[in-house]
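Keep the 3D view open while you read.

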Amino acid sequence: MLLEDQRFLHEDLERLEQGISDRILDDPRHIRDRLNRDHQISGFLDRIQQQSKRLLDIYNDAEGLRTKEIQSISTGDPFDEFYKQLNEIKDFHRRYPNEPVENLERAYKRKAPGEGESATAEIDNLFTGEEAYGRFLDLTTLHEDYLNLPGVQSRRITYLQYLNVFDHFTPPQCPIKRPEKTTDQYFSYVGRLTDYLESFLRRTRPLEDLDKIFNSFDREFNEAWEAKEVPGWGVETQMVGPAAPVTEGTGEGIWCRDCAKEFKNENVYRNHLSGKKHIKAAESRAAKGSAANGTPGGDINGTSTSKASSSTSAKDLKERAIAEREFRVRKLASTMETVRSDTRVNVERRQGMTERERQQELDALFAESAEPSLRPSGADDESDSSGDEKIYNPLKLPLAWDGKPIPYWLYKLHGLGVEFPCEICGNFVYMGRRAFDKHFNEARHIYGLKCLGITNTTLFREITGIEDALKLWDKIQRDKKKEKSGGENVVQMEDAEGNVMPEKVYY
């Protein structure tokens with residue numbers, strides 16, 4: 001019954017389009033509901049592609065079954081064909097009496113919050129608590145893997161520093177040398193980092209054509225690799241003599257390729273060349289270079305040459321794979337620069353919180369995401385007003401960014417209980433020393449000084465009284481007048497050599 005399948009597919013496509021349009025018209029406020037909507041639309045788009053492919057195969061009719069079915073209906077008695085298909089349908093349901101019937105109208109219809117739609121549970125499983133539904137990155141496990149890499153164990157960095165340098169693979173940000181990058185441990189680390197960033201991008205941007213973006217990354221890498229322009233994977237050249245190229249490191253000093261170290265002073269670099277550590281590093285690098293160039297020693301039959309060439313080709317393939325992952329990490333990090341900066345701010349903020357406060361913030365995030373689905377749509381204003389009334393704040397503490405009172409220890413730390421009144425600002429009271437120091441550059445204080453006739457406001461810091469400000473301004477004006485009048489009455493004298501000076505200095 002290909003015609004019935006064809007009709008079913010057309011209906012399915014129309015229902016899918018209607019379901020997508022209904023969800024696009026919806027504008028959720030919470031990021032959890034917005035991600036749920038985007039993932040549902042992405043699933044509908046995938047199903048449209050699958051059903052369209054099936055429908056196209058039916059229209060192509062490679063085996064001729066659709067043509068035969070049309071001929072059987074159009075020729076002969078149509079009722080005979082009708083009752084024949086009806087008997088087949090009855091026989092099918094007789095053999096499978098409990099076969100469920102798919103209702104397309106209910107399958108793609110957007111359900112109201114009270115109808116028991118629990119699709120957001122799938123979104124909860126996609127993200128960790130640290131990621132906060134795709135707002136921040138969670139690189140804690142990768143940070144631990146990075147600290148255990150060879151070459152990094154002697155230079156441990158914090159998680160906040162790692163967020164700044166995880167996409168840097170060249171010195172001085174990355175202490176790992178090129179020979180150490182070919183290890184299996186580093187290859188596994190870069191692969192996991194790439195997989196996480198790609199997975200994060202797919203989870204947070206389900207409606208974008210990410211495969212097209214990733215293919216563009218591959219094309220750019222192939223062009224850069226052919227031109228030997230991939231950072232950190234160019235052609236290595238051994239420099240002879242005391243001078244060294246100033247092309248790596250910060251670019252301000254002299255770079256030693258053998259030791260992968262930068263020197264600010266040329267004399268220090270010359271003394272370093274005669275050291276044991278540099279000589280040993282230069283010998284090992286020269287040995288690796290000769291092996292890479294395929295210069296064997298003492299084999300006439302050329303067996304060593306073939307082994308060296310095969311090992312060199314395997315090494316080149318591994319270096320290319322590692323360089324490709326590093327290049328992709330750079331591109332992905334630049335694509336998610338906003339999320340990266342938000343993650344740094346979030347980590348700095350959470351470092352000043354206790355474990356209890358972090359847990360409370362996480363619970364508030366889940367409660368906020370679950371609240372819209374539990375309350376009726378017509379009671380938004382009432383629930384908001386009742387939620388404001390439930391805040392328990394007996395000490396009258398200032399409210400934080402989430403609308404809740406800040407911790408009492410933070411209130412005491414910043415001295416927010418100390419009052420600083422300012423008469424110039426209309427007896428306005430500033431809570432805490434920080435707000436008081438900041439207000440001298442604000443518009444309210446500057447406007448109060450201008451009302452008193454004071455134009456130079458930079459000289460009036462820490463002055464809050466009107467009388468003190470007027471006295472200081474009068475004194476400044478008198479001093480300016482005296483200095484001006486004294487400068488006009490100065491008698492200029494000239495000595496025998498032609499030098500001009502005041503009369504007091506002359507005598």
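**Buried and exposed spots**

His-272 counts as buried, at 15% relative accessibility; buried means under 20% relative accessible area, exposed over 50%, and partly exposed in between (1.4 Å probe, protein chains only). Bear in mind that this is a predicted model, where local features need pLDDT of at least 70, side-chain atom pairs count only at pLDDT 80 or more, and totals for chains, interfaces and linings use all residues. Residues are numbered from 1 along each chain as its sequence is written, and side-chain values use heavy atoms, with hydrogens and water left out.

**His-272**
- You'll find His-272 in helix α12 (residues 266-273); helices (H or I, at least four residues) are DSSP runs, numbered from the N terminus.
- Not counting residues up to four places away in sequence, His-272 touches Cys-256, Cys-259, Phe-263 and His-278, where contact means heavy atoms within 4.5 Å.

**Ile-24**
- Ile-24 sits in helix α1 (residues 2-25) and is exposed, with a relative accessible area of 54%.
- Setting aside residues up to four places away in sequence, Ile-24 touches Arg-37 and Ile-41.
- Ile-24 and Arg-37 are 13 residues apart in sequence, and 8.1 Å apart in space, C-alpha to C-alpha.

**The nonpolar cores**
- The largest nonpolar core has 42 residues, and Leu-139, Tyr-162 and Leu-193 have the most contacts inside it; such a core is a set of buried Ala, Val, Leu, Ile, Met, Phe, Trp, Tyr and Cys residues joined through side-chain atoms within 4.5 Å.
- Helix α10 gives the most to this core, with 8 residues.
- Beyond its neighbours within four places in sequence, Tyr-162 is in contact with residues including Leu-139, His-143 and Leu-193.
- A second, separate core of 14 residues includes Phe-420 and Trp-473.

Conventions: Helix = DSSP H or I, 4+ residues; strand = E, 2+ residues; numbered from the N terminus.
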